Amino acid sequence: MAPKPRRKTRRRSKTAGSGKTRRPRGSRRWLRWLWLPLLALGMLGMLYTLYLDQVVRVRFEGKRWSLPARVYARPLELYVGLPLRPEDLLAELESLGYERSRHPERPGSYSYYKNRLLLRTRAFRYHDGAEPAHYLELRFANGTVRSLRHAGGGRDPALVRLDPVLIANIYPSHNEDRILLRREELPQLLVDSLLAVEDRDFVHHHGVNPLAILRALWSNIRAGRVVQGGSTLTQQLVKNFYLSHERSLLRKFNEAIMALSLDRRYSKDAILEAYANEIYLGQDGSRAIHGFGLASRFYFKRALADLDLPRVALLVGMIKGPSHYNPRSHPRRAKQRRDLVLDVLARQGMVSEERARRAKAAPLGVGPKGGRPAGRYPAFMQLVRQQLLRDYREEDLNSEGLSVFTTLDPHLQAAARDSVTQRLKQMERSARSDKLEAAVVVAAGDSGEVLALVGGRRAGYSGFNRALDAVRPIGSLVKPLYYLDALSAGYTPASLLRDQAVTLKGADGKPWRPRNFDGKTHGRVSLHEALTRSHNLASVDLGMELGLGRVIRGLRRLGVERNLRPLPSLLLGALSMTPLEVAQVYQVLAAGGFRAPLRAVREVTDAQGRPLTRYPLAIEPVADARAVYQMGWMLQQVVERGTGRGLKAQLPEGLRLAGKTGTSNDLRDSWFAGFSDDRVAVVWVGRDDNAPAGLTGAAGAMRVWGDIMGDARSLQQQPPGDVRMTWIEPATGLLADADCPGALQVPLVRGTEPQRKADCVRDGDPVSNFFEQFF
Amino acid sequence: MRIVSILLISLVVLQACGTGGRDRPAPVGEHRPGPRTPAEAAPAPSVRPYRSGPAAQALLDKARAQQASGDLDAAAATLERALRIERRNPRLWNRLAQVRLAQGRTAEAASFAAKSNALPGADAALRRDNQRILAKARTSP
């Protein structure tokens with residue numbers, strides 16, 4: 001290119017140094033072209049920053065965490081006279097995570113020695129108000145609470161409610177969990193340690209701390225490896241909170257921008273609070289442990305406020321790598337890390353050298369890994385969910401942090417579960433059967449509160465819930481239901497029935513010839529005998545006399561909702577129900593004729609403890625109390641002398657219970673349903689493939705039932721007003737007296753006694769006998 | 001002597017007539033149809049009245065205070081809590097019936113009153129009160 005003509009004045013060369021050529025003027029145009037993309041980039045960058053800022057704002061202020069609903073068992077209520085063995089109370093305290101020590105000093109601890117329990121309970125907020133923490137002294141005698149005192153003096157409390165055992169959480173699908181803490185609730189020691197170790201200049205920086213980064217860089221270079229991170233708490237929060245765990249330069253960059261945004265928008269307190277609740281601190285199976293509140297419970301079984309210096313130091317130390325420093329799996333590493341944290345604290349003057357030294361000498365203080373609250377009672381939880389979903393949406397249950405107070409009795413549940421496990425194994429051996437399954441439902445008789453629910457023999461396995469969903473023929477369990485109706489239709493327990501061969505029209509018009517279990521006929525039998533021994537022929541006789549229409553109406557009144565075919569086979573239990581449905585019907589018999597819908601939830605409160613819903617006690621009279629009493633007496637005879645008499649070997653002497661065995665065709669289903677003064681329980685044993693289990697009700701289900709009812713309250717003997725125990729001669733159904741051979745007392749409603757006396761009574765009184773023939 | 005025998009025989013005859021109005025004896029085993037009188041109308045013999053234990057009593061007192069201050073739902077909850085401790089206490093069922101009645105929930109009140117009456121240990125005063133509640137529930141729509 002020919003040089004352009006030079007100007008007279010010399011222009012300073014743009015480029016430094018001599019001998020370099022000047023930049024040609026045409027390059028400015030080139031630069032101009034550079035402006036546009038730079039401007040575009042700059043705008044993009046701004047937009048991107050704004051976008052990240054939005055993300056920060058929306059995430060932070062919107063629904064921050066999904067809080068699972070916390071589900072609690074029934075609280076144990078302590079009072080003088082409560083039937084409670086000390087070992088059972090200790091087991092409850094164990095489930096509650098109470099610490100046993102020589103001298104209980106903090107809430108959540110106890111000491112027990114020679115029948116004397118010193119207990120510091122935790123405060124708890126119930127639906128109906130707060131139960132304060134107590135310091136109590138309990139003494140036991142003969143399996144009951146003999147005395148209950150305030151250990152610190154003052155008037156004896158009449159009633160103390162323990163905090164309830166947490167039995168489950170209803171998680172959202174991503175399995176997160178929190179114990180939310182406010183900024184005020186973070187112990188100062190924790191905050192100091194956290195800042196000292198993770199972010200010294202937290203209070204001053206603006207989200208990102210370049211000095212810290214440089215400092216870290218310097219330490220890392222000196223050490224030859226990564227010993228320090230330069231991330232602020234804010235950056236860590238962003239990392240935990242918003243972004244996935246991939247570590248790339250872009251992520252770091254985003255992190256920094258979002259941290260700046262966060263710091264600009266929110267106070268240091270808000271950020272610290274979020275951090276304390278968000279920080280990832282370990283794994284419990286598929287459940288992630290986030291936040292100091294939950295971590296404190298998980299590792300130490302204590303509230304965060306109750307942690308001492310060594311424990312706080314350990315928690316803070318774990319932030320760097322919760323799995324790497326897991327105190328349960330890597331105790332030595334964890335201890336080293338903890339001691340390092342203590343050194344830092346001492347060095348920065350947060351704690352004295354002396355205190356740090358003592359803390360370093362302390363053991364890690366980690367509690368045993370408690371059973372995961374979620375997943376221990378899946379069958380019961382299904383019932384809980386069913387009830388809740390009538391009033392709450394699935395999302396509310398997963399994410400609003402509700403507290404759900406249920407009716408579960410963990411002690412009884414454990415007994416039921418253990419019995420099923422052991423008994424099924426035994427049964428499989430003796431019955432030469434296998435693949436046996438079982439279901440159990442236990443409820444409080446008067447209120448219908450479900451105390452225990454077993455859905456199958458594999459505990460903790462959430463699958464087919466046989467208690468709720470296995471629909472099986474109930475066999476002889478149906479008999480008490482229409483026998484009850486008969487007692488309101490003019491029959492008495494002394495009425496005579498015909499236990500004889502009969503041919504009736506069955507399904508499809510084919511002849512149906514029922515048989516007794518022993519293949520025999522028994523002629524005339526009393527109604528109570530027919531029930532006690534479960535005579536099929538007599539029962540059919542009774543049912544046909546009542547009429548199938550009336551029988552079905554009676555079943556409906558008791559709450560049977562299933563499809564009922566008006567066939568004679570119905571009288572022998574050609575009727576399929578679930579164990580829960582059976583329990584509902586037998587609950588009426590257990591409660592004097594007052595039906596109470598079975599329920600698993602008592603109350604629900606929100607995350608702050610404010611009451612939301614209460615499911616009140618509701619009863620309804622559906623059967624005559626006197627007939628129900630008579631039925632209860634007869635069902636007691638089943639256990640005393642009838643098909644259920646095998647129970648007596650299992651039960652404590654003198655325990656009066658009522659029940660009925662049930663066996664379906666070909667021994668496919670083994671049932672037992674019955675009640676005590678306080679509970680009603682139903683057990684089913686059978687096979688999922690409906691093949692014969694080879695067990696009668698007595699051989700199978702009854703065994704499990706006996707295990708569960710062993711500590712129940714004995715049935716009371718007091719009949720209602722106009723029911724009298726009356727001597728009857730069973731063979732004839734006539735009035736007898738104490739001296740008549742074979743006579744027994746049966747409960748009869750006044751005015752329904754037989755008119756005539758039995759021969760054995762006649763024999764004693766010739767004068768009136770003489771005149772009787774004229775009347 | 002004969003007069004005495006006749007007198008004696010008459011006495012015996014009268015006595016025989018006196019014991020439970022004899023009809024023609026019904027065939028044994030046949031059911032006698034007849035509607036049952038409702039449980040609430042049945043009078044009860046005097047039975048040892050039920051005494052509330054200290055725990056139940058403390059809750060009774062609390063429920064009374066709650067009812068007095070107008071918090072009927074809380075009173076019901078307290079009584080239910082007491083019933084878990086003493087399920088056979090007729091006073092608790094009666095009190096619950098009173099609370100429901102005060103809330104205008106008459107069907108529930110009637111059920112609880114009937115339950116209270118059906119329990120042994122309900123003294124005469126309690127029964128009268130239960131009857132009162134049942135009567136009120138019947139007349140209410």
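Student: Against which helices do the buried residues of helix 3 of chain A pack?

Tutor: This is a predicted model, in which local features need pLDDT of at least 70 and side-chain atom pairs count only at pLDDT 80 or more. Residues are numbered from 1 along each chain as its sequence is written. Helices are DSSP runs (H or I, at least four residues), numbered from the N terminus, and buried means under 20% relative accessible area with a 1.4 Å probe, protein chains only. In helix 3 (residues 188-198) the buried residues include Leu190(A), Leu194(A) and Glu198(A), and they pack against helix 5 (233-241), helix 7 (268-278), helix 8 (292-300), helix 9 (309-318) and helix 10 (331-347) of chain A.

Student: How are helix 10 and helix 11 of chain A oriented to each other?

Tutor: Their axes, lines fitted to C-alpha atoms over the stretch in contact, lie 9 Å apart. The angle between N-to-C directions, on a scale from 0 to 180 degrees, is about 175 degrees. Because angles over 145 degrees count as such, helix 10 of chain A is to helix 11 of chain A roughly antiparallel.

Student: How many charged residues has the contact of helix 10 with helix 11 of chain A?

Tutor: Contact means heavy atoms within 4.5 Å, and Asp, Glu, Lys and Arg count as charged. The number of charged residues is six.

Student: Is Leu575(A) buried or exposed?

Tutor: Leu575(A) is found in the loop between helix 19 (548-557) and strand 22 (576-577), a strand being an E run of at least two residues. Among its contacts beyond four places in sequence are Ile474(A), Val478(A) and Leu555(A). At 3% relative accessibility, Leu575(A) counts as buried.

Key: Chains are lettered from A and ligands numbered from 1 in the order in which they are written. Side-chain values use heavy atoms; hydrogens and water are left out. Buried means under 20% relative accessible area, exposed over 50%, partly exposed in between (1.4 Å probe, protein chains only). Angles under 35 degrees count as roughly parallel, over 145 as roughly antiparallel, 65 to 115 as roughly perpendicular and the rest as oblique.
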